[in-house]
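Here is a short briefing on one protein model.

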Amino acid sequence: MSELKTCPFCGSRNSAVHLSPDARWHWVECGHCGARGPEVRVMMDVAGEWNRRADYEPLVRAPSDRLAERLKASALNLHEAVEGSALKADLADAGPTPFAGRNKGVNRG
Ligand SMILES: [Zn+2]
């Protein structure tokens, strides 16, 4: 059996293989958060099933982190582009943004 990877949900190394009472099925369960891998026949590689999830789960969560990083980078790029261009003066001449005007309206009631 291959070595168990860390729990895909909590990162714990406290996972172990459990065996059904009839000894036909086994699964990996995290001793920290209780996450369970799929139940597979005893002749199958239960660690492989658990590790496949461990490899996959971070990829599922990653997009929101990557998206946040990309949005932050885009905002910084936009800010730098505006600061270093004539657009900054144009924006200042244009006066309040539509959003500022709308907020004033809301505040006046
Ligand atoms: Zn866990």
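The protein's mean pLDDT (the predictor's confidence in each residue, from 0 to 100) is 80, and 79% of its residues reach 70 or more. Residues 103-109 have pLDDT below 50. Beyond near neighbours in sequence, that stretch makes 0 contacts in the model. Where pLDDT is low, the predicted coordinates should not be read in detail.

**Ground rules**
- The model is predicted: local features need pLDDT of at least 70, side-chain atom pairs count only at pLDDT 80 or more, and totals for chains, interfaces and linings use all residues.
- Residue numbers start from 1 along each chain as its sequence is written.

**Hairpin**
- E1 and E2 run antiparallel, joined by 5 bridges; pairing requires at least two DSSP bridges between two strands.
- Alanine 16 has glutamate 29 of E2 as its bridge partner.
- The hairpin has 5 residues between its strands.
- Alanine 23 has a positive phi near 60°, though it is not glycine.
- Alanine 23 is exposed, with 8 other C-beta atoms within 10 Å; the cut-off for exposed is 12 or fewer, with C-beta atoms placed from the backbone.

**Nonpolar core**
- Val28, Val46, Ala47, Trp50 and Ala54 form the largest nonpolar core. Such a core joins buried (20 or more other C-beta atoms within 10 Å) Ala, Val, Leu, Ile, Met, Phe, Trp, Tyr and Cys residues through C-beta atoms within 7 Å.
- Helix H1 (residues 46-83) supplies the largest share of this core, 4 residues; helices are DSSP runs (H or I) of at least four residues.
- Contacts of valine 28 (C-beta atoms, placed from the backbone, within 7 Å) include Leu4, Val17, Val46 and Trp50, not counting residues up to four places away in sequence.

Definitions and conventions. Contact = placed C-beta atoms within 7 Å. Helix = DSSP H or I, 4+ residues; strand = E, 2+ residues; numbered from the N terminus.
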